[in-house]
Amino acid sequence: MISKDKKIVIVGAGAIGGTLGAWLTPQNENVYMLDRGEVAERIRESGITVFAEGRREHAETIPVKTITDISEIPNVDIIILAVKNYSLDQVATHVRNQVEGEPIIVALQNGVENQEILPKYFKNIIYGVVGYNAWLEEPATIGYQSKGPYILGTLHPELTTELAEVEAIFKRGVETIVTDHFQDAAYSKMIINLTNSFTTLVGHKYREITDFLIFKKILTNLLYEGVQIVKATGYKECKIGDMPSWFTITSIVKLPQFVTNGAFRKNLAKMVLSSMGQDIIQRQGTESELDSLNGYFIKLADQAGLAVPYNRAIYQLCKEQFSKTPFKPLTEREVWERIRLEMEK
Ligand SMILES: NC(=O)C1=CN([C@@H]2O[C@H](COP(=O)(O)OP(=O)(O)OC[C@H]3O[C@@H](n4cnc5c(N)ncnc54)[C@H](OP(=O)(O)O)[C@@H]3O)[C@@H](O)[C@H]2O)C=CC1
Ligand SMILES: CC(C)(CO)C(=O)C(=O)O
């Protein structure tokens, strides 16, 4: 039995760190949240408010412990890093300089860039794939699609005890699965994340889709190319929550459109604003995880000699558009034009 008094610090109280903090706090005595600016201030004043999608009237507010610097907690046992990939190196450097010994690090980023960054600073690293969507409705008020799942694993077989410890702590508050094939989970999740770029580019959820069939074609081919890339790297499928399987993705691309339009429309209605959409559209920022996700996959495709015109065109368009302020979404047709040109090369 893992004790409930482990000292746990969650760095980043955004969509993922905030929901996790709200779910773990009631079940564990020493969970501390670390963020900055308005988010930190609001959490300190009134805790974290979380609500399941469409149920804001049933929102729960959980008072949480907060700190302003990780050095406030001596002998911290577990540090959960819930910041974006683009903040990770800076956060890891700071944490390393402030913390003694070798706490367990839990890394929750999409993608696998964290596998390059974190081992430069830490020894005991557990990785997690996040299998749900969450969003900051306002600072410290977070909506979520479902309570998990998290898929946890490690790249170091000697960390079995640490993995079991983190699993026990997570399981007290949220659906959690452990895998001994973590890379399959990480790469399978990255396929789904390829769509963050396109849905952001066309402002999905902020403007009406004007051309459903083009939207569907682009989105599903992005995913299909992703499946081909992961297959070429040798990783296997790992089902992530209720996200589409490789079979579903392949079927939608291969079957006549009229067969799959209805199901696609239903799923489209359920689609939420991705973490990239939150950065670029909701916060009007210029930083995103585009290179950690789409950029990384394009490099894999190049290594495998795979043509990926959908991903390549969208990556380039995102590079151009995300740097503009204010960001203005493109239409599906504008995106399609660029893909067509890429295919002709
Ligand atoms: N949101 C989602 O639905 C999902 C997200 N993920 C992944 O989870 C990871 C976290 O994403 P998400 O929760 O959406 O990100 P958010 O941007 O919502 O949250 C990150 C938080 O960390 C804070 N932060 C950044 N740097 C520091 C720092 N130096 N010190 C203190 N706080 C800091 C940010 O503050 P500030 O705003 O000031 O920078 C922000 O509040 C990403 O890799 C994402 O891809 C995975 C699945 C779903
Ligand atoms: C929820 C999901 C799967 C959307 O692609 C995601 O991981 C994100 O928003 O980053």
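The structure holds 3 cavities of 30 Å³ or more, a cavity being, on a 1 Å grid over the protein atoms alone, a set of points where a 1.4 Å probe fits but cannot get out, with lining residues having an atom within 4 Å of a point. Grid points are joined across faces, edges and corners, and a volume is the space filled by probe spheres set on the points. This is a predicted model, in which local features need pLDDT of at least 70 and side-chain atom pairs count only at pLDDT 80 or more, while totals for chains, interfaces and linings use all residues. Residues are numbered from 1 along each chain as its sequence is written, chains are lettered from A and ligands numbered from 1 in the order in which they are written, and side-chain values use heavy atoms, with hydrogens and water left out.

The largest cavity contains about 60 Å³ of space, and its lining includes Asn-110, Tyr-127, Phe-182, Ala-186 and Lys-189. By class, the lining has 6 nonpolar, 5 polar and 1 charged residues, where Ala, Val, Leu, Ile, Met, Phe, Trp, Tyr, Cys and Pro count as nonpolar, Asp, Glu, Lys and Arg as charged, and the others, Gly among them, as polar.

The second largest cavity has a volume of about 50 Å³. Among the residues that line it are Ser-188, Ile-192, Glu-237, Met-243 and Trp-246, and the lining as a whole divides into 6 nonpolar, 2 polar and 2 charged residues.

An oxygen atom of ligand 2 lies 2.9 Å from a side-chain N or O atom of Asn-110, the corresponding distance for Lys-189 is 2.8 Å, and a polar side-chain atom of Ser-275 is 2.5 Å from an oxygen atom of the ligand. Of the 280 Å² of accessible area that ligand 2 has on its own, the protein covers 88%, with areas taken from the Shrake-Rupley method with a 1.4 Å probe and, for residues, only the protein chains shown counted as cover.

Ligand 1 is surrounded by 23 residues, of which the closest are Ile-16, Asp-35, Arg-36, Asn-110 and Glu-289. Each of α1 (15-24), α3 (85-98) and α10 (275-282) supplies at least two residues of this shell, which divides into 9 nonpolar, 8 polar and 6 charged residues. Oxygen atoms of ligand 1 lie 3.0 Å from a side-chain N or O atom of Lys-84, 2.9 Å from a polar side-chain atom of Arg-283 and 2.5 Å from one of Glu-289. The protein covers 86% of the 900 Å² of accessible area that ligand 1 has on its own.

Key:
A polar contact is a pair of N or O atoms within 3.5 Å; within protein, one must be able to donate a hydrogen and the other to accept it, and residues adjacent in sequence count only if both atoms are side-chain atoms. On a 1 Å grid over the protein atoms alone, a cavity is a set of points where a 1.4 Å probe fits but cannot get out, and a pocket is an open set with protein on both sides within 12 Å along at least five of seven lines; lining residues have an atom within 4 Å of a point. A residue is near a molecule or strand if one of its heavy atoms lies within 4 Å of it. Helices (H or I, at least four residues) and strands (E, at least two) are DSSP runs, numbered from the N terminus.
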